Amino acid sequence: MAYIDSLQKVSIQVNGSTVECVAASYKGVPFFFEEASYSGGGRNVQTNSIPFSDNHVNEDTGKGVAKYSFNIYFLGEDAESKKDDFLKACNEAGPGELVHPYFGVFNARCEGGVNLSYNNLQEYISGSVTFVPENDFEIRNVEVSLSGKTRQKAGELRKVSAAKFQDSFKTSGKKKSILDNAVEISRKAVDAAYSCRKVVQRAADYVRMVGRIKSNIQAIMLAPGDFVARFQNLVTVSAEILGIDADKKESLKNALDLMSFSLPFVDGYHPQIAANKMAMVSLVRMTAASSVAENLVECEFSSVDEAEQVQDDVYDAFEKMLSETDDPELYVVAQELEASALKYLRDGLSNIPYEVDVDIPATNNLLSVVYGVYGSLDLVESVFERNGYRDPLMIKPSDGCLVLCND
(Lines give C-alpha, C1' and ligand atoms only; values in the text may rest on other atoms or scores of the structure.)
Protein backbone atom coordinates (compact mmCIF):
# COMPACT_ATOMS: atom_id res chain seq x y z
CA MET A 1 0.00 0.00 0.00
CA ALA A 2 1.30 3.43 -0.88
CA TYR A 3 2.05 5.77 2.01
CA ILE A 4 -0.53 8.31 0.81
CA ASP A 5 -3.24 5.65 0.90
CA SER A 6 -2.54 4.93 4.58
CA LEU A 7 -3.25 8.48 5.71
CA GLN A 8 -6.50 9.58 7.34
CA LYS A 9 -8.42 11.44 4.63
CA VAL A 10 -11.83 13.00 4.11
CA SER A 11 -13.52 14.21 0.93
CA ILE A 12 -15.46 17.46 0.69
CA GLN A 13 -17.14 19.37 -2.12
CA VAL A 14 -15.46 22.69 -2.87
CA ASN A 15 -17.01 24.73 -5.71
CA GLY A 16 -18.44 21.58 -7.27
CA SER A 17 -15.17 19.65 -7.08
CA THR A 18 -14.14 16.88 -4.71
CA VAL A 19 -11.17 17.73 -2.52
CA GLU A 20 -9.36 15.14 -0.45
CA CYS A 21 -8.01 16.45 2.85
CA VAL A 22 -5.46 14.88 5.19
CA ALA A 23 -5.37 15.26 8.98
CA ALA A 24 -2.67 17.08 10.96
CA SER A 25 -2.53 18.87 14.34
CA TYR A 26 -0.92 21.82 16.11
CA LYS A 27 -0.53 21.91 19.91
CA GLY A 28 -2.89 18.94 20.03
CA VAL A 29 -5.65 20.68 18.04
CA PRO A 30 -6.56 18.73 14.85
CA PHE A 31 -7.19 20.26 11.43
CA PHE A 32 -7.39 19.05 7.84
CA PHE A 33 -5.28 20.34 4.96
CA GLU A 34 -5.52 20.03 1.20
CA GLU A 35 -2.13 21.34 0.15
CA ALA A 36 1.15 21.84 1.96
CA SER A 37 4.12 23.84 0.73
CA TYR A 38 7.67 24.33 1.96
CA SER A 39 9.88 27.37 1.41
CA GLY A 40 13.20 28.48 2.80
CA GLY A 41 16.39 26.56 3.36
CA GLY A 42 19.55 27.34 1.49
CA ARG A 43 21.69 30.24 2.73
CA ASN A 44 20.95 33.91 3.30
CA VAL A 45 23.50 35.73 1.14
CA GLN A 46 24.06 39.49 1.19
CA THR A 47 25.83 40.70 -1.95
CA ASN A 48 27.75 43.99 -1.77
CA SER A 49 29.40 45.72 -4.70
CA ILE A 50 32.88 47.10 -4.14
CA PRO A 51 32.90 50.82 -4.97
CA PHE A 52 34.78 51.89 -8.09
CA SER A 53 35.33 48.33 -9.32
CA ASP A 54 33.54 45.51 -11.13
CA ASN A 55 33.89 43.14 -8.18
CA HIS A 56 31.47 42.18 -5.43
CA VAL A 57 31.55 40.38 -2.09
CA ASN A 58 29.05 37.74 -0.93
CA GLU A 59 28.40 37.66 2.82
CA ASP A 60 26.82 34.48 4.20
CA THR A 61 24.52 35.55 7.06
CA GLY A 62 23.29 32.09 7.97
CA LYS A 63 20.84 29.39 7.02
CA GLY A 64 17.53 30.41 5.46
CA VAL A 65 14.48 30.00 7.74
CA ALA A 66 12.12 27.22 6.67
CA LYS A 67 8.39 27.92 6.36
CA TYR A 68 5.53 25.44 6.10
CA SER A 69 2.25 26.70 4.60
CA PHE A 70 -1.09 24.87 4.46
CA ASN A 71 -4.54 25.29 2.96
CA ILE A 72 -6.64 24.16 5.94
CA TYR A 73 -10.24 23.08 6.57
CA PHE A 74 -12.46 22.62 9.63
CA LEU A 75 -15.28 20.19 8.89
CA GLY A 76 -18.60 19.04 10.36
CA GLU A 77 -21.28 20.48 12.58
CA ASP A 78 -18.70 21.53 15.19
CA ALA A 79 -16.45 23.26 12.64
CA GLU A 80 -16.88 26.58 14.44
CA SER A 81 -15.62 25.25 17.79
CA LYS A 82 -12.73 23.42 16.07
CA LYS A 83 -11.77 26.65 14.38
CA ASP A 84 -11.88 28.53 17.73
CA ASP A 85 -9.66 25.89 19.38
CA PHE A 86 -7.16 26.19 16.53
CA LEU A 87 -7.07 29.98 16.71
CA LYS A 88 -6.53 29.81 20.46
CA ALA A 89 -3.60 27.44 19.96
CA CYS A 90 -2.06 29.71 17.31
CA ASN A 91 -2.51 32.83 19.48
CA GLU A 92 -0.79 31.33 22.52
CA ALA A 93 2.75 32.55 23.14
CA GLY A 94 5.58 30.10 22.63
CA PRO A 95 6.14 27.17 20.27
CA GLY A 96 4.03 24.02 20.09
CA GLU A 97 4.18 20.59 18.51
CA LEU A 98 3.19 20.41 14.85
CA VAL A 99 2.26 16.90 13.68
CA HIS A 100 2.27 16.56 9.91
CA PRO A 101 2.12 13.38 7.81
CA TYR A 102 4.70 14.64 5.29
CA PHE A 103 7.04 16.84 7.32
CA GLY A 104 7.02 14.86 10.56
CA VAL A 105 6.78 16.08 14.15
CA PHE A 106 8.59 19.21 15.35
CA ASN A 107 8.07 22.35 17.45
CA ALA A 108 6.89 25.38 15.52
CA ARG A 109 5.27 28.80 15.85
CA CYS A 110 2.36 30.21 13.87
CA GLU A 111 3.64 33.10 11.72
CA GLY A 112 1.59 35.99 10.39
CA GLY A 113 -1.79 34.89 11.69
CA VAL A 114 -4.50 32.64 10.28
CA ASN A 115 -6.59 33.55 7.22
CA LEU A 116 -10.15 32.16 7.19
CA SER A 117 -12.98 32.08 4.64
CA TYR A 118 -16.71 31.59 5.33
CA ASN A 119 -19.68 30.78 3.09
CA ASN A 120 -23.21 30.28 4.36
CA LEU A 121 -23.77 27.42 1.90
CA GLN A 122 -20.66 25.50 3.01
CA GLU A 123 -20.43 22.86 5.72
CA TYR A 124 -16.82 23.70 6.37
CA ILE A 125 -14.50 26.63 7.15
CA SER A 126 -11.44 27.03 4.94
CA GLY A 127 -8.29 29.06 5.38
CA SER A 128 -4.52 29.17 5.30
CA VAL A 129 -1.74 29.21 7.87
CA THR A 130 2.07 29.29 7.94
CA PHE A 131 4.39 27.78 10.56
CA VAL A 132 8.09 28.36 11.19
CA PRO A 133 10.12 25.71 13.05
CA GLU A 134 11.55 26.51 16.45
CA ASN A 135 15.33 26.65 16.91
CA ASP A 136 17.04 23.56 18.26
CA PHE A 137 18.79 25.61 20.91
CA GLU A 138 17.27 27.50 23.82
CA ILE A 139 18.19 31.08 24.56
CA ARG A 140 18.53 31.62 28.29
CA ASN A 141 18.79 34.73 30.44
CA VAL A 142 18.37 37.22 27.59
CA GLU A 143 17.94 40.83 28.64
CA VAL A 144 15.37 42.21 26.22
CA SER A 145 16.14 45.82 27.11
CA LEU A 146 18.71 46.81 29.68
CA SER A 147 17.90 50.46 29.10
CA GLY A 148 14.22 49.80 29.79
CA LYS A 149 15.07 47.82 32.93
CA THR A 150 17.30 50.64 34.16
CA ARG A 151 14.55 53.21 33.64
CA GLN A 152 12.14 50.95 35.50
CA LYS A 153 14.55 50.66 38.43
CA ALA A 154 14.98 54.45 38.45
CA GLY A 155 11.22 54.88 38.72
CA GLU A 156 11.08 52.35 41.57
CA LEU A 157 13.77 54.25 43.48
CA ARG A 158 11.86 57.53 43.17
CA LYS A 159 8.66 55.82 44.32
CA VAL A 160 10.28 54.22 47.38
CA SER A 161 12.20 57.38 48.34
CA ALA A 162 8.97 59.43 48.07
CA ALA A 163 7.15 57.02 50.39
CA LYS A 164 10.02 57.07 52.90
CA PHE A 165 10.11 60.87 52.87
CA GLN A 166 6.39 61.15 53.57
CA ASP A 167 6.70 58.69 56.45
CA SER A 168 9.66 60.48 58.08
CA PHE A 169 9.20 64.18 57.28
CA LYS A 170 6.73 65.69 59.78
CA THR A 171 5.66 69.33 60.16
CA SER A 172 1.90 69.32 60.64
CA GLY A 173 0.99 69.96 64.28
CA LYS A 174 4.63 70.48 65.26
CA LYS A 175 6.21 73.46 66.98
CA LYS A 176 6.98 76.60 64.96
CA SER A 177 10.72 75.95 65.23
CA ILE A 178 10.27 72.58 63.52
CA LEU A 179 8.21 74.10 60.70
CA ASP A 180 10.68 76.96 60.26
CA ASN A 181 13.56 74.50 60.02
CA ALA A 182 11.63 72.38 57.53
CA VAL A 183 11.09 75.45 55.35
CA GLU A 184 14.79 76.32 55.56
CA ILE A 185 16.09 72.90 54.55
CA SER A 186 13.48 72.64 51.80
CA ARG A 187 14.69 75.92 50.32
CA LYS A 188 18.25 74.58 50.40
CA ALA A 189 17.18 71.41 48.60
CA VAL A 190 15.39 73.41 45.90
CA ASP A 191 18.37 75.75 45.52
CA ALA A 192 20.72 72.77 45.21
CA ALA A 193 18.58 71.24 42.48
CA TYR A 194 18.47 74.54 40.61
CA SER A 195 22.23 75.09 40.93
CA CYS A 196 23.09 71.60 39.70
CA ARG A 197 20.71 71.60 36.73
CA LYS A 198 22.86 73.93 34.67
CA VAL A 199 21.50 72.69 31.35
CA VAL A 200 17.98 73.98 32.09
CA GLN A 201 18.35 76.65 34.77
CA ARG A 202 17.97 79.48 32.26
CA ALA A 203 14.77 78.15 30.75
CA ALA A 204 11.88 80.47 31.64
CA ASP A 205 9.52 77.58 32.44
CA TYR A 206 12.08 76.01 34.77
CA VAL A 207 12.69 79.28 36.59
CA ARG A 208 8.93 79.64 37.09
CA MET A 209 8.75 76.08 38.48
CA VAL A 210 11.41 76.93 41.04
CA GLY A 211 9.78 80.25 41.86
CA ARG A 212 6.37 78.70 42.49
CA ILE A 213 7.86 76.19 44.93
CA LYS A 214 9.89 78.76 46.87
CA SER A 215 7.12 81.35 47.04
CA ASN A 216 4.71 78.80 48.54
CA ILE A 217 7.22 76.71 50.44
CA GLN A 218 5.60 77.04 53.87
CA ALA A 219 2.20 75.87 52.67
CA ILE A 220 3.74 73.12 50.53
CA MET A 221 5.74 71.75 53.46
CA LEU A 222 2.52 71.04 55.36
CA ALA A 223 1.81 68.42 52.66
CA PRO A 224 5.06 66.45 52.18
CA GLY A 225 3.56 64.45 49.30
CA ASP A 226 3.01 67.65 47.33
CA PHE A 227 6.59 68.76 47.95
CA VAL A 228 7.98 65.38 46.83
CA ALA A 229 6.10 65.50 43.53
CA ARG A 230 7.22 69.06 42.79
CA PHE A 231 10.83 68.45 43.83
CA GLN A 232 11.26 65.19 41.89
CA ASN A 233 9.88 66.90 38.79
CA LEU A 234 12.40 69.70 39.35
CA VAL A 235 15.26 67.19 39.26
CA THR A 236 14.06 64.87 36.50
CA VAL A 237 12.17 67.08 34.01
CA SER A 238 13.92 66.68 30.66
CA ALA A 239 15.48 69.54 28.76
CA GLU A 240 13.44 68.59 25.68
CA ILE A 241 10.17 69.24 27.52
CA LEU A 242 11.47 72.70 28.37
CA GLY A 243 12.37 73.33 24.72
CA ILE A 244 16.13 73.05 25.21
CA ASP A 245 18.46 70.94 23.07
CA ALA A 246 20.78 69.75 25.83
CA ASP A 247 23.66 67.29 25.92
CA LYS A 248 22.67 64.16 27.89
CA LYS A 249 26.23 63.83 29.18
CA GLU A 250 25.98 67.29 30.70
CA SER A 251 22.67 66.35 32.33
CA LEU A 252 24.32 63.21 33.66
CA LYS A 253 27.15 65.25 35.20
CA ASN A 254 24.64 67.64 36.81
CA ALA A 255 22.77 64.74 38.41
CA LEU A 256 26.03 63.21 39.69
CA ASP A 257 26.85 66.51 41.40
CA LEU A 258 23.44 66.54 43.11
CA MET A 259 24.02 63.04 44.52
CA SER A 260 26.50 64.57 46.97
CA PHE A 261 23.89 66.92 48.51
CA SER A 262 24.21 67.34 52.29
CA LEU A 263 22.89 69.44 55.16
CA PRO A 264 24.79 70.42 58.30
CA PHE A 265 23.88 68.42 61.38
CA VAL A 266 24.22 69.97 64.86
CA ASP A 267 23.99 67.96 68.08
CA GLY A 268 21.15 68.96 70.34
CA TYR A 269 18.56 69.40 67.57
CA HIS A 270 15.03 68.36 68.29
CA PRO A 271 14.69 64.69 67.17
CA GLN A 272 12.08 65.61 64.56
CA ILE A 273 14.34 68.27 63.08
CA ALA A 274 17.12 65.69 62.80
CA ALA A 275 14.69 63.21 61.21
CA ASN A 276 13.48 65.84 58.74
CA LYS A 277 17.05 66.65 57.71
CA MET A 278 17.90 63.00 57.14
CA ALA A 279 14.70 62.54 55.12
CA MET A 280 15.45 65.58 52.96
CA VAL A 281 19.04 64.50 52.24
CA SER A 282 17.84 61.02 51.32
CA LEU A 283 15.11 62.37 49.01
CA VAL A 284 17.53 64.65 47.15
CA ARG A 285 20.23 62.02 46.73
CA MET A 286 17.92 59.20 45.68
CA THR A 287 16.08 61.41 43.21
CA ALA A 288 19.42 62.53 41.75
CA ALA A 289 20.53 58.89 41.53
CA SER A 290 17.44 58.00 39.52
CA SER A 291 18.16 60.91 37.18
CA VAL A 292 21.78 59.71 36.77
CA ALA A 293 20.56 56.30 35.62
CA GLU A 294 17.96 57.70 33.22
CA ASN A 295 20.44 60.09 31.61
CA LEU A 296 23.10 57.38 31.42
CA VAL A 297 21.04 55.14 29.14
CA GLU A 298 20.49 58.05 26.74
CA CYS A 299 24.16 59.01 26.43
CA GLU A 300 26.30 58.19 23.42
CA PHE A 301 30.02 57.92 24.09
CA SER A 302 32.62 58.61 21.43
CA SER A 303 35.34 56.44 22.95
CA VAL A 304 35.93 53.62 25.39
CA ASP A 305 38.03 55.91 27.59
CA GLU A 306 35.15 58.37 27.95
CA ALA A 307 32.69 55.59 28.81
CA GLU A 308 35.08 54.04 31.35
CA GLN A 309 35.52 57.42 33.07
CA VAL A 310 31.74 57.80 33.31
CA GLN A 311 31.52 54.27 34.67
CA ASP A 312 34.01 55.16 37.42
CA ASP A 313 32.16 58.39 38.25
CA VAL A 314 28.79 56.64 38.48
CA TYR A 315 30.21 53.83 40.60
CA ASP A 316 31.93 56.24 43.01
CA ALA A 317 28.80 58.40 43.40
CA PHE A 318 26.55 55.42 44.10
CA GLU A 319 28.98 53.78 46.51
CA LYS A 320 29.41 57.00 48.50
CA MET A 321 25.64 57.49 48.66
CA LEU A 322 25.04 53.87 49.69
CA SER A 323 27.67 54.05 52.43
CA GLU A 324 25.63 56.88 54.02
CA THR A 325 22.21 55.23 53.53
CA ASP A 326 20.73 53.76 56.72
CA ASP A 327 17.35 52.61 55.45
CA PRO A 328 17.60 48.93 54.34
CA GLU A 329 14.85 49.13 51.71
CA LEU A 330 16.25 52.25 50.09
CA TYR A 331 19.72 50.68 50.14
CA VAL A 332 18.54 47.57 48.29
CA VAL A 333 16.54 49.47 45.64
CA ALA A 334 19.39 51.95 45.04
CA GLN A 335 21.92 49.13 44.83
CA GLU A 336 19.76 47.32 42.25
CA LEU A 337 19.58 50.52 40.19
CA GLU A 338 23.36 50.89 40.34
CA ALA A 339 23.87 47.29 39.20
CA SER A 340 21.43 47.70 36.30
CA ALA A 341 22.95 51.01 35.16
CA LEU A 342 26.53 49.73 35.31
CA LYS A 343 25.58 46.51 33.49
CA TYR A 344 24.01 48.60 30.74
CA LEU A 345 27.18 50.65 30.50
CA ARG A 346 29.49 47.61 30.51
CA ASP A 347 27.49 45.91 27.77
CA GLY A 348 27.59 49.11 25.76
CA LEU A 349 31.38 49.33 26.04
CA SER A 350 31.74 46.38 23.66
CA ASN A 351 29.94 48.37 20.95
CA ILE A 352 31.83 51.65 21.34
CA PRO A 353 34.23 52.34 18.44
CA TYR A 354 37.94 52.61 19.05
CA GLU A 355 40.62 54.15 16.84
CA VAL A 356 43.29 52.52 14.71
CA ASP A 357 45.80 54.08 12.37
CA VAL A 358 45.37 53.16 8.71
CA ASP A 359 48.25 53.82 6.38
CA ILE A 360 47.32 55.84 3.26
CA PRO A 361 50.17 55.16 0.79
CA ALA A 362 48.58 57.13 -2.05
CA THR A 363 45.72 59.54 -2.68
CA ASN A 364 42.47 57.68 -2.10
CA ASN A 365 38.82 58.24 -1.25
CA LEU A 366 37.00 57.63 2.01
CA LEU A 367 34.58 55.06 0.54
CA SER A 368 37.37 52.77 -0.64
CA VAL A 369 39.30 53.11 2.62
CA VAL A 370 36.30 52.26 4.80
CA TYR A 371 35.23 49.39 2.57
CA GLY A 372 38.76 48.01 2.58
CA VAL A 373 38.75 47.88 6.39
CA TYR A 374 35.21 46.64 7.04
CA GLY A 375 33.88 45.15 3.85
CA SER A 376 30.90 47.51 4.04
CA LEU A 377 30.09 51.21 4.00
CA ASP A 378 28.03 51.29 7.21
CA LEU A 379 30.57 53.43 9.10
CA VAL A 380 31.38 55.96 6.38
CA GLU A 381 29.49 58.79 8.05
CA SER A 382 30.98 58.03 11.46
CA VAL A 383 34.53 57.95 10.10
CA PHE A 384 33.96 61.15 8.16
CA GLU A 385 32.69 63.01 11.22
CA ARG A 386 35.46 61.72 13.48
CA ASN A 387 38.32 62.69 11.17
CA GLY A 388 36.92 65.96 9.89
CA TYR A 389 37.92 65.52 6.25
CA ARG A 390 37.12 68.43 3.98
CA ASP A 391 36.80 66.31 0.85
CA PRO A 392 35.95 62.63 1.44
CA LEU A 393 36.77 61.84 -2.18
CA MET A 394 40.31 63.16 -1.95
CA ILE A 395 42.28 61.77 1.03
CA LYS A 396 46.01 62.37 0.74
CA PRO A 397 48.79 60.40 2.47
CA SER A 398 49.62 63.48 4.51
CA ASP A 399 46.12 63.47 5.99
CA GLY A 400 46.49 60.14 7.75
CA CYS A 401 43.36 58.27 8.64
CA LEU A 402 41.84 57.31 11.98
CA VAL A 403 39.20 54.68 11.29
CA LEU A 404 36.52 53.78 13.82
CA CYS A 405 36.55 50.05 14.52
CA ASN A 406 34.26 47.68 16.42
CA ASP A 407 35.07 44.33 17.98
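Biologist: With which residue does Arg109 form a salt bridge?
Modeller: This is a predicted model, in which local features need pLDDT of at least 70 and side-chain atom pairs count only at pLDDT 80 or more, while totals for chains, interfaces and linings use all residues. Residues are numbered from 1 along each chain as its sequence is written, and side-chain values use heavy atoms, leaving out hydrogens and water. A salt bridge requires a side-chain nitrogen of Lys or Arg within 4 Å of a carboxyl oxygen of Asp or Glu. With the closest N and O atoms 2.7 Å apart, the partner of Arg109 is Glu134.

Biologist: How many residues apart in sequence are the parts that Arg109 and Glu134 tie together?
Modeller: Helices (H or I, at least four residues) and strands (E, at least two) are DSSP runs, numbered from the N terminus. Arg109 belongs to strand S8 (residues 104-117), whereas Glu134 sits in the loop between strand S9 (124-133) and helix H2 (146-168). The separation in sequence is therefore 25 residues.

Biologist: Which helix holds Glu329, the salt-bridge partner of Lys164?
Modeller: The closest N and O atoms of Glu329 and Lys164 are 3.1 Å apart. Lys164 lies in helix H2, so the pair ties together parts 165 residues apart in sequence, and Glu329 lies in helix H10.

Biologist: How many salt bridges are there by this rule?
Modeller: Another example joins the side chains of Lys320 and Glu324, at 3.3 Å from N to O. Salt bridges with shared partners also connect Arg151, Glu240, Lys248 and Glu298 in one network. By the rule, the number of salt bridges is 22.

Biologist: How many aromatic pairs does the structure hold?
Modeller: Rings of Phe, Tyr and Trp (its six-membered ring) pair if their centres lie within 6.5 Å; planes under 30 degrees apart are stacked, over 60 edge-to-face and the rest tilted. Ring pairs link a cluster that includes Phe31, Phe70, Phe74 and Phe86. The count of aromatic pairs is 14.
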